[in-house]
Amino acid sequence: MDAKDKLCAECWRKGTEAMQKQNWDYAIQMFGTCVSLKPHLVTYRQTLRGCQRSKYDNNGSGAGTFAKAKLMGIRGRIKKARGKEEWQELDKAAEEGLALNPWDTGLNSDVGEAALKREFMEVAEFAYKTALEADMKSKPLAIQYAELLERIGKYTDAVKVWAVIKKLDPEDMTPDRKMTQLQAKETTTRGGFEDAGSTQDVRKKGDAAAARQGEAAAPGESEEADLKHAIRREPEKIEHYQKLAAYYRRRKQLDDALKLLNKALELSGNDVAYREQVEDVELDMLRQNRDTARELASSDDTARKNWEELEKELVKRELEVYLRREQRYPQDMRLKMDIATRFMQFQKWGEAIPRLQKAAQDVRLEAQARAHMGTCFLKEGKTSLAKGQLERAVATLNSERDPKLFKSTYYNLGRVYEQLGEVENAEKCYGEILVIDYEYKDVKDRLEKLQGGAA
């Protein structure tokens with residue numbers, strides 16, 4: 001755990017203790033520090049906002065007239081930061097304002113804008129939702145929130161917001177068009193299932209009903225009911241929350257799993273083991289949204305763009321999480337491989353190579369690591385180095401066990417041989433690919449060109 005992680009954990013622990021004692025000022029100070037250290041984590045923002053509201057007895061207006069002068073100055077700073085596109089400064093100023101009035105629509109919207117620009121998607125969603133709850137009649141704000149929900153793949157929720165927009169302006173035809181588009185995209189729902197439109201939806205509806213009936217099951221008949229009962233009996237036992245979260249995660253009920261793990265994290269004093277489990281479920285949620293968007297990507301350009309953005313956001317978030325873990329687990333070669341492949345997706349070959357070199361020391365990962373290393377050297381124009389790694393990789397690759405890696409590695413090695421003028425070796429590489437995939441990339445054309453040149 002680095003210094004920032006340690007400070008965050010300590011502030012979370014102290015803030016939680018202060019919150020339990022209803023010492024709101026100190027709790028706000030501690031959770032505010034967590035937000036400044038980890039601005040991308042939505043849990044800290046949610047907890048901070050809850051404490052701020054409790055400080056003002058949930059009066060809906062915060063410090064009231066006493067805060068007007070300070071808020072004027074803060075709004076001026078926000079305007080200046082927006083003009084310069086200084087999103088970190090805008091976020092900081094907006095959070096200062098929310099300390100005075102956590103219900104302020106404009107300030108919550110400002111946090112959402114800053115988070116969106118910095119690609120903190122969960123924070124953006126929370127901030128825009130909070131802003132809209134404070135002003136349900138704001139059509140521009142509702143549109144911003146609906147577009148964000150669509151962008152992150154929450155199509156069902158986006159439909160609901162567009163329905164609100166339709167009520168605000170019945171003459172506008174845009175909500176009807178958007179709801180039709182989103183309903184076509186919708187493949188899953190997050191509750192109720194009254195409007196199930198497919199056999200898959202009907203099955204999920206039945207599963208949900210069965211789960212609800214399980215609440216009344218006798219001990220041993222329902223794993224979910226037993227775990228819920230254990231939590232009610234011993235609410236201080238962290239392992240009960242963890243086990244129920246694991247149950248929900250297996251069933252892909254990720255929202256439920258995340259809530260339980262956040263509770264376990266709180267009870268543990270921000271223990272790194274539980275924090276990693278929270279991160280894993282957050283990544284699962286991103287993957288789930290990405291997969292849903294990918295299923296719809298062939299329908300239109302907007303859907304394809306949404307899928308591409310979600311894919312980029314997922315890889316970026318994975319890289320962020322894995323890099324932190326690399327500091328804690330420096331001998332985990334599988335982790336180094338995962339980090340390297342993410343860097344490769346961003347074409348950061350120099351960041352990937354040293355991790356692949358270490359991963360290649362693990363016999364289980366050697367072939368894969370050398371294949372990727374060869375790709376990186378090829379991209380950097382280091383042909384001789386690429387040749388050495390790719391030749392060592394193909395010696396152990398199996399077309400049945402990993403056909404994708406087998407084909408890409410032989411393809412890259414064939415290109416290396418072409419560049420070096422080793423025509424016969426290049427032909428052999430391309431021939432290996434054609435045996436299992438006759439349509440792979442431009443292999444057939446390359447082979448015909450080589451054979452024609454040799455003739």
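**Close-up 1. The second largest pocket of the predicted model and the residues that line it.** In this predicted model, the second largest pocket has a volume of about 820 Å³. Its lining comprises 26 residues, and those that lie nearest the centre of the pocket are Gln46, Glu125, Lys129, Lys154 and Asp255. Helix 3, helix 7 (121–134), helix 14 and helix 15 each supply at least two residues of this lining, with helix 7 giving the most, namely seven residues. Sorted by class, the lining of the second largest pocket holds 12 charged residues, together with eight nonpolar and six polar ones.

**Close-up 2. The largest cavity and its lining.** The count of cavities of 30 Å³ or more comes to one, and about 100 Å³ of space lies in the largest cavity. The residues lining the largest cavity are Leu41, Thr43, Tyr44, Asn262, Leu265, Asn270, Arg275, Val278, Glu279 and Glu282, which divide into four nonpolar, three polar and three charged residues. At least two lining residues come from each of helix 3 (42–55), helix 14 (254–267) and helix 15 (272–295), and helix 15 gives the most to this lining, with four residues. Helix 3, helix 14 and helix 15 also each supply at least two residues of the lining of the second largest pocket.

**Close-up 3. The ring pair of phenylalanine 406 and tyrosine 410 in helix 21.** The structure holds six aromatic pairs. In the pair shown here, the ring centres of phenylalanine 406 and tyrosine 410 are 4.7 Å apart and the ring planes stand at 50°, so the pair is tilted. Phenylalanine 406 and tyrosine 410 are separated by about one helical turn, because they are four residues apart in helix 21 (residues 403–419). Both phenylalanine 406 and tyrosine 410 are buried.

**Close-up 4. The ring pair of tyrosine 411 and tyrosine 430.** Here the ring centres of tyrosine 411 and tyrosine 430 lie 6.3 Å apart with the planes at 50°, so that this pair, too, is tilted. Tyrosine 411 is buried, with a relative accessible area of 7%, and tyrosine 430 counts as buried at 0% relative accessibility.

**Close-up 5. The aromatic cluster of Trp12, Phe31 and Tyr44.** Trp12, Phe31 and Tyr44 are linked into a cluster by ring pairs. Tyr44 is also one of the residues that line the largest cavity.

**Close-up 6. Helix 19 and the helices against which its buried residues pack.** Helix 19 (residues 366–379) has 14 residues and reaches 20 Å from its first C-alpha to its last, which is close to the 20 Å expected at 1.5 Å a residue. Because 11 of its 14 residues are buried, helix 19 is largely enclosed by the rest of the structure. The buried residues of helix 19 include Arg370, His372, Met373, Cys376 and Phe377, and the buried residues of this helix pack against helix 17 (333–345), helix 18 (349–359), helix 20 (383–394) and helix 21. Just after helix 19, glycine 381 takes a positive phi of about 80°.

Technical notes: Residues numbered from 1 in each chain as written. Predicted model: local features only at pLDDT ≥ 70, side-chain atom pairs only at ≥ 80, totals over all residues. Heavy atoms only, no water. 1 Å grid on protein atoms, 1.4 Å probe; cavity = no way out; pocket = protein on both sides within 12 Å on 5 of 7 lines; lining within 4 Å. Points joined across faces, edges and corners; volume = space filled by probe spheres on them. Nonpolar A, V, L, I, M, F, W, Y, C, P; charged D, E, K, R; others polar. Phe/Tyr/Trp six-rings, centres within 6.5 Å; stacked < 30°, edge-to-face > 60°. Buried < 20%, exposed > 50% of the residue type's maximum accessible area, 1.4 Å probe, protein only. Expected span 1.5 Å × (residues − 1). Contact = heavy atoms within 4.5 Å.
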